[in-house]
Amino acid sequence: MVENAQRIQPHSHESSVECRYQLLADENGEPLVHLSTFGSRNRASKPKSSQSLQIDRTIGVSLVELLCETFGLAAPADDYEVRLNAAYQANPGLFRKIIANDVAAQDVIGLAHRRVQVERFRQLLNDDAAFAQEAAEIPGKGHEKVWQRFFEQNPWILGTSLATQVLTAWDASRLEQVVAGFSVEGAGKRVDGLLRTSGRIRSMVFVEFKTHKTPLLGATEYRPGVWRPSSDLSGAVAQVQATVHMATRAIVDRLQSKDGDGSDIPEDWTYMFRPRSYVVIGQLGQLTGKSGGDNQAQIRSFELYRRELTGPEIVTFDELLARAEWMVAPPSTD
């Protein structure tokens, strides 16, 4: 709406017209208010529509603002949100262009997405029904595939949580790889996650996923106050150790990346000097008693076991979640 510059006089009550309204929708389903005038009140003939006006959301918001300002009325509490939404509906392409060119806006969108994924992470850990639903989407693949797919979709969680160095996926499309010879393709030992460190010296990193339900310790004490690692945990450790051993024997010191024609890709290689490896398994909440308190003997046994290993490092799913939560909402320093 724009202000009218005509010289006009107020109408008398006797000459005012009757106005009727109808509610309808446009071709996109957006609401419209249709206003029709029917001549003055003292018209001799029956009412006849003379003028009509259709008001959409954008015009409606402007009209409300004008009326509130003119008559001193309080604007709706969500007036700003309504106006912003109306402006977006009128020209969504412009809004997308503004956001795409605004680095700060992209940061906000990226952070919002990560917060959503952290909430999904938390739900997968704590909601059996939600986990089962995702597992059903990849039938026959096993529960470990749920986590493998989740971390493929959110590489930033592994990339900034597992190590002091930033880790990137060997293949951006999938974590799982087969390691053999001078390639990570073809027949060989399969690993759930193949990563490498960033920087000038890029080193290979191996990750083996179990599930958040996988037990960390055996079901009974091995000796009084002593708990041995579960067969799943010790088996995963042995599997990763074998994978790393086979890879280092096959690749030796350095793996050179190749282009499609077989030539070396300049400055793109990965070192194999004692590569780091990880097993992601279980939750620390397993190490509690029936009343919910810490089982100190279990905690001691688990911590001593994983701290004495030179490889792989053992990380629980809830530890990964805690690090991801910190990254999207770091504690205040006040």
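In which helix is Arg149 found? Arg149 is found in helix α6, helices being DSSP runs of H or I with at least four residues, and strands runs of E with at least two, numbered from the N terminus. This is a predicted model, in which local features need pLDDT of at least 70 and side-chain atom pairs count only at pLDDT 80 or more, while totals for chains, interfaces and linings use all residues. Residues are numbered from 1 along each chain as its sequence is written, and side-chain values use heavy atoms, with hydrogens and water left out.

**Helices α5 and α6**
- The axes of α5 (residues 128–136) and α6 (residues 144–153), which are lines fitted to C-alpha atoms over the stretch in contact, come within 9 Å and cross at roughly 85°.
- That makes α5 roughly perpendicular to α6, a term for angles of 65 to 115 degrees.
- Phe131, Glu134 and Ala135 in α5 meet Val146, Trp147 and Arg149 in α6, where contact means heavy atoms within 4.5 Å.

**Arg149**
- Leaving aside neighbours within four places in sequence, Arg149 is in contact with Glu134, Glu137 and Ile138.
- The side chains of Arg149 and Glu134 make a polar contact (3.2 Å), that is, a pair of N or O atoms within 3.5 Å, one able to donate a hydrogen and the other to accept it.

**Helix α9**
- Helix α9 (residues 296–308) has 13 residues.
- Ala297, Gln298, Ser301, Phe302, Glu303 and Arg306 are buried in α9, meaning under 20% relative accessible area with a 1.4 Å probe.
- These buried residues pack against α8 (231–251), β11 (313–315) and α10 (317–328).

Methods. Expected span 1.5 Å × (residues − 1). Buried < 20%, exposed > 50% of the residue type's maximum accessible area, 1.4 Å probe, protein only. Axes fitted to C-alpha atoms, helices over the stretch in contact; angles between N-to-C directions. Parallel < 35°, antiparallel > 145°, perpendicular 65-115°, else oblique.
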